[in-house]
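Student: Please take a close look at one part of this protein and describe how it is built and what it touches. I would like a connected account in which each contact is placed in its setting.

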Amino acid sequence: MKGYTGKVARINLATGDIKREEISEEFCRNWIGGYGMGIKVVWDEVPAGCDPLSPDNVLVFNIGPFPGTILPTSSKYGVFAKSPLTGLFGMAISSGSVGAQMRRAGWNMVILEKKAPEPVYIMFDNDDIQIQPCSETLWGKKDSWETEEWIRHHYHDERIGVSSIGKAGEIMVRIACLTNDRNRQAGRTGMGAVMGSKNVKALAFRGTNSVEVAHPKEFYKKGKELIKISMGPVTIKYRDLGTPVNVLEFQKLGILPTRNFQSGVFEHAFDVSGEKMAETWVVKKAACSQCPIGCDHLVYIKDGPYKGAVASVDYECSFSVGSNCGIWDMPAITRAIELCDRHTIDGISAGVCVSFAMEAFENNVLTPEQVGYDLKFGDGDAMVRFIEDICLGRTEAGKIIGLGSRGAANYLGQNSMHYAMQVKGLEMPGYVVRGIKTAALGFAVAIRGGCHLRNGAYQFDIKGDFDRFTQDKPEERVKKIINMENDYALIDSYIICKFTRGIYKNGVDEQAEVYSMVTGIDVTGDDLRTRGAAIHNLAKCYNLREGATKADDYLPERDYTDPLPEGPSEGQYIDRDLYTVMLDAYYSERGWDSDGVPTQETLDKYGLSSFVNLDDLHPIEERRYMPCL
Amino acid sequence: MSIKINAMSELGHYLGWKQKEVSVENQTIRTILIDLASQEQFQEKVYDPVEDALRAGVVILVNGRNILQLEYLDTILSENTDLTIYYPLGGG
């Protein structure tokens with residue numbers, strides 16, 4: 001077996017015991033890597049109903065078979081655990097140098113168990129693993145950028161891949177993430193808080209081993225072909241102006257989240273657009289290891305109150321701390337993103353939590369005494385200050401909002417859940433789904449919560465496969481969503497960047513050829529599609545086991561009750577009854593019952609019945625974890 | 001009457017114009033595209049007048065609605081129409 005290293009480091013943090021284990025070819029074939037291996041380990045090893053911030057949770061780092069090869073955008077790694085934000089399956093994927101270094105160091109997967117008695121970081125120097133105390137050097141003293149620099153300097157090697165947490169992870173802010181290479185984040189579902197709960201500051205990888213593939217000649221030819229295509233028209237958007245071009249494009253569609261998703265158009269959209277950024281603010285473009293695209297657009301603020309602020313500004317953060325907070329002050333936006341990256345909170349959740357807080361403040365649900373100052377839409381300085389309050393947990397309001405919008409709304413009450421823009425506890429990404437109604441279902445059924453990356457269902461609306469303003473053709477829509485969801489489960493398991501999904505002209509069939517060339521494991525596109533569906537079904541089983549119900553597959557209340565007030569999507573809202581028709585169609589097409597529970601036939605079909613007991617899947621609501629102070 | 005035509009993101013850079021106002025009288029999108037295709041770059045990136053086909057990846061919206069959900073190239077343009085051309089349009 002090539003591609004994979006086949007090696008797992010299982011580290012008991014409480015005892016310091018390190019076990020080196022092997023994974024079988026069958027395990028690799030079945031679970032591919034990334035998302036697939038992540039959900040299998042989390043299913044097997046996290047006790048049902050456990051507190052995600054307790055030592056019983058496990059934290060899994062893994063890669064797929066491709067890092068270290070010439071396959072474009074394959075230097076990726078995933079982090080998996082039970083989420084302290086949603087109480088369900090937690091997953092976050094990042095790029096940069098860590099995936100490639102982890103592969104060259106020889107590790108397919110790292111499983112962190114229990115909790116270290118004191119703060120540590122873990123250095124993987126090829127086969128050597130060192131657990132190093134860091135309470136005097138890093139913990140509580142350095143943010144993620146400084147931690148990365150310190151570790152690289154300490155080991156005299158700038159190539160070391162470091163995935164670390166800042167203060168927000170240390171104090172277990174529920175939206176905490178991990179940062180590597182300064183600008184790349186394993187962002188969503190609070191994986192940084194799990195790392196903090198285990199007293200682990202960073203994982204660092206230095207690898208000098210070569211990577212062998214099964215069919216080097218064929219793969220070399222194929223890899224060069226894919227690199228060439230990935231520098232062509234299919235990725236021009238990401239290379240040229242970057243994802244912030246979405247700002248004006250989504251404005252034209254009337255789906256640009258504005259002032260906590262109250263509107264789909266922003267009167268100052270141009271000021272936070274990719275076009276304006278390129279003209280005025282971007283100083284450099286950068287790329288991850290093994291990536292020919294270079295989507296990172298680095299903004300540097302040269303003067304003014306935020307002089308020296310620097311961040312890679314992508315669409316999701318342009319919207320989240322920009323239009324969604326009513327802010328067009330680019331220096332303040334840049335500083336806010338830098339704070340998120342340094343202290344390690346997820347930029348999407350951060351912005352949507354701030355916008356929730358702003359609306360709560362304007363409704364007198366969050367009080368000036370709790371915040372300490374005025375927190376109003378459009379105030380960039382207050383937004384920056386509040387982001388820091390969340391990261392550092394330094395005010396009552398900062399602590400409350402650090403629970404995530406669902407946890408905060410649950411705490412604050414007074415109908416604030418109505419405008420907590422989250423699904424399953426995870427804040428929504430930058431699309432007002434009232435104007436894209438296939439995406440409305442796609443984002444709501446997404447396995448980790450409000451998410452555009454588990455199925456790119458917005459594409460069916462904006463590219464015109466369906467009328468984006470109607471909720472007709474439920475069967476046709478759900479088939480498209482499910483096919484894409486299964487394909488994306490594979491992309492997240494290989495793991496490759498979704499920005500290169502378009503370079504594979506024959507989709508999964510072509511990816512199967514690449515997989516076989518690298519690993520020597522013969523698979524067809526149909527084999528892989530079945531595994532994509534199996535991975536998704538297992539993640540669904542996990543959510544059910546942790547207390548998820550059908551209600552978790554519904555949108556934020558605002559989407560059903562507040563028609564968009566202006567712009568190209570004016571008047572659009574989600575009809576709840578029609579939505580339920582579509583949700584039921586989705587369940588049926590998936591082979592799930594009317595509560596969204598996979599049937600025995602479905603478990604059998606995907607080979608899950610040997611370890612999934614149907615009796616464990618009927619929602620046990622009291623098991624559902626809710627973040628609280 | 002006149003309508004506005006918007007060339008979004010990279011397309012605007014490539015064509016050298018981001019917005020145009022053109023006079024129309026009950027014309028279809030096809031007629032407008034044929035006129036605009038007198039510009040070589042427009043032919044190359046947006047519309048092939050010989051094949052009467054949009055180039056791969058091109059998305060056209062009329063007042064925010066995809067023309068695939070209207071009458072496609074036969075959609076008739078009326079006063080104050082906002083016609084937007086994307087190349088490409090995706091997420092991120």
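Tutor: A definition is needed at the outset: angles from 65 to 115 degrees count as roughly perpendicular. The model is predicted. Chain A is divided into domain 1 (7-206), domain 2 (231-427) and domain 3 (433-623).

Helix 2 (residues 34-45) of chain A meets helix 20 (residues 474-494) of chain A, and their axes come within 4 Å and cross at roughly 90°. Helix 2 of chain A and helix 20 of chain A are therefore roughly perpendicular to each other. On the side of helix 2 of chain A, the contact is made by Gly34(A), Tyr35(A) and Gly36(A). Helix 20 of chain A answers with Ala489(A), Asp492(A), Ser493(A) and Tyr494(A). Sorted by class, this contact of helix 2 of chain A with helix 20 of chain A holds 3 nonpolar, 3 polar and 1 charged residues.

The strands come next. One open sheet of chain A has 6 strands in the order 2-1-6-3-4-5, with mixed pairing. Its edge strands are strand 2 (17-22) and strand 5 (89-94) of chain A, each of which pairs on one side only. With direction ignored, neighbouring strands of this sheet are turned by 15° against each other on average. Strand 1 (residues 7-12) of chain A runs antiparallel to strand 2 of chain A, and 6 bridges join the two. Within this part of the sheet, Arg10(A) stands opposite Lys19(A) in strand 2 of chain A.

Another open sheet of chain A is also formed by 6 strands, here in the order 8-7-12-9-10-11, and its pairing is mixed. Strand 8 (128-133) and strand 11 of chain A stand at the edges with a single partner strand each, so one side of each has no neighbour in the sheet. From one strand to the next, the twist averages 20°. Inside the sheet, strand 9 (residues 161-164) of chain A and strand 12 (residues 200-206) of chain A pair in the antiparallel sense over 4 bridges. One residue pair in this arrangement is Val162(A) with its bridge partner Ala204(A) in strand 12 of chain A.

Two helices pack on this sheet. Helix 3 (residues 98-105) of chain A touches strand 7 (120-125), strand 9, strand 10 and strand 12 of chain A. The direction of helix 3 of chain A makes about 65° with that of strand 12 of chain A. Helix 4 of chain A likewise packs on the sheet, touching strand 7, strand 9, strand 10 and strand 12 of chain A. The direction of helix 4 of chain A makes about 145° with that of strand 9 of chain A.

The C-alpha centres of domain 1 of chain A and domain 2 of chain A lie 26 Å apart. The contact draws 36 residues from domain 1 of chain A and 30 residues from domain 2 of chain A. On the side of domain 1 of chain A that touches domain 2 of chain A, at least two residues each are supplied by helix 4 (144-154), helix 5 (167-170), strand 10 (178-180) and strand 11 (184-186) of chain A. Helix 5 of chain A gives the most to that side, with 3 residues. By class, the side of domain 1 of chain A that touches domain 2 of chain A comprises 13 nonpolar, 17 polar and 6 charged residues.

Notes
Residues are numbered from 1 along each chain as its sequence is written. Chains are lettered from A and ligands numbered from 1 in the order in which they are written. This is a predicted model: local features need pLDDT of at least 70, side-chain atom pairs count only at pLDDT 80 or more; totals for chains, interfaces and linings use all residues. Domain bounds come from an automatic or database domain assignment. Two residues are in contact if their C-beta atoms, placed from the backbone, lie within 7 Å. Ala, Val, Leu, Ile, Met, Phe, Trp, Tyr, Cys and Pro count as nonpolar, Asp, Glu, Lys and Arg as charged, and the others, Gly among them, as polar. Two strands pair if DSSP finds at least two bridges between them. Axes are lines fitted to C-alpha atoms, for helices over the stretch in contact, and angles run from 0 to 180 degrees between N-to-C directions. Angles under 35 degrees count as roughly parallel, over 145 as roughly antiparallel, 65 to 115 as roughly perpendicular and the rest as oblique.
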